[in-house]
Amino acid sequence: MDTLHGVKVPDPYRWLENEKHPDVKAWVKAMNGYARKQLAALPGRAGLLKRLGELSYVDWVSAPQRRGKRYFFARRHKDKEKVVYYWRQGEKGRPRVLIDPNTLSADGSISVKGVYVDFQGRRAAYKLSQNNADEATLYVMDVKTGKRSAVDTIPGAKYASPAWTPDGRGFYYTRLPVGGKIPVADRPGYAEVYYHRLGQDPKRDRLVHGKTGDPRKFIWPELSRDGRYLFIYIMHGWAKMDIHFKDLRRGLRAKLQPLALSPKGTKALYDAFAWKGRIYMHTNEGAPRYRLFRVDPRRPARAQWKEIVPEQKDAVLNSFAVRGNRLALQYLRNATTELRIHTLGGKLLRRVSFPGLGTASNLTGNPEDDTAYYSYSSYIRPTTIYRTSLRKGGRSVYYQVKLPVDPKPY
């Protein structure tokens, strides 16, 4: 019996909260047995289960990413539990397995937490976790041979998202201290950014940014495509972010400069991408539906930012990307996706045409490549990967999920 605001409230089922008690275990077993008996007697249940399985277990493929002359993608097979990572030699080459987590352990307890390929497509950094836990260890493999490096093994990689240098000789990443001395709730505040050079003992990795000391802050690095600008992101919870950066032409010891800081008393999110001597900044600062700025890294003060795509009144700018020396802007308008192509100066060139109202990803590709890919689906169209040209537009099917249903009547 509980007393809430002066009122006595009985709770005769309180004893069921202890799932380890023998009486609770017996009760659960009896209830499960009763439910299974009743469900098994329902007519048509076997056919319904069979059809639901056919519709639930279907193939899925991600848009490919070119790295050097190789193309990398992920695929979920309808008869496998976990996503398999592949690569091709050329866009239409034979698929070859990069990592298949379904074969890493007999009981399926080892998971892949991320795959990060260098720009030449020669090596892949990847994270594995034991017992499907959040904690992970970072490894590096040779793509062609599939052999794992005996040296480049980095524990404490729970938050690591390796940012490769253009020459593929190393990467920047976030690392946590290992061991059980730090309480789990405090560990985010001990995360630090390091630079790892391939072939070097990770214990000798150079510290780039020290810990924040605050478990409410998350820190990670990003590197510009040309390797010149290193960005350090510091996330304060889920609605506030700061970005600092440094020009690596001045050396790794160059001082970090503030780039984007949430104004005092308010919260703002930022996403930066450097290309051809300019930084493009996506933010909801002063614009809850987001807008886009262009920043000269030589004059990064907030007052010097130039707005090139203003906030829309009836659409949210979910993301942006530089593809084919153009800006690809992904909007959410009336619960559907709208994809626009702009010049680097912000001028609208065209809207990407879809087969109908639906949901689409932003363009996958490289900043310098004219060819890009995107995923599209709707209530009546299965997931399809399209190929498009940034210069010419248009689209062609790269891959389409095959479903045991005909959507044409709908």
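# Pockets and salt bridges of a predicted model

The second largest pocket holds about 220 Å³ of space. A pocket is an open set of points on a 1 Å grid over the protein atoms alone where a 1.4 Å probe fits, with protein on both sides within 12 Å along at least five of seven lines; its volume is the space filled by probe spheres set on the points, which are joined across faces, edges and corners. The lining of this second pocket consists of 14 residues (those with an atom within 4 Å of a point), and I380, R381, P382, L403 and P407 are the ones nearest its centre. Eight of the lining residues are nonpolar, four are polar and two are charged. In this scheme Ala, Val, Leu, Ile, Met, Phe, Trp, Tyr, Cys and Pro are nonpolar, Asp, Glu, Lys and Arg are charged, and the others, including Gly, are polar.

The model is predicted: local features need pLDDT of at least 70 and side-chain atom pairs count only at pLDDT 80 or more, whereas totals for chains, interfaces and linings use all residues. Residues are numbered from 1 along each chain as its sequence is written, and side-chain values use heavy atoms, with hydrogens and water left out.

The protein as a whole has 410 residues, of which 43% are buried (under 20% relative accessible area, with exposed being over 50% and partly exposed in between, for a 1.4 Å probe and protein chains only). Its C-alpha trace extends over about 70 × 60 × 55 Å along the principal axes. The secondary structure consists of two helices and 30 strands, taken as DSSP runs of H or I (at least four residues) and of E (at least two), numbered from the N terminus.

The greatest share comes from β23, which gives five residues. By class, this lining has 28 nonpolar residues, together with eight polar and six charged ones.

Attention may now turn to the charged side chains. The whole structure contains 27 salt bridges (a side-chain nitrogen of Lys or Arg within 4 Å of a carboxyl oxygen of Asp or Glu). One of them joins E135 to R187, at 2.5 Å from N to O. The two partners are 52 residues apart in the chain: E135 is in the loop between β9 (123-130) and β10 (137-142), and R187 is in the loop between β12 (170-175) and β13 (192-197). E135 has a relative accessible area of 34% and is therefore partly exposed, whereas R187, at 11%, is buried.

The last pair to consider is E338 and R340, whose closest N and O atoms are 2.6 Å apart. E338 counts as buried because its relative accessible area is 15%, and R340 is likewise buried, with a value of 7%. This pair is part of a network of salt bridges that links D314, R333, E338, R340 and R351.
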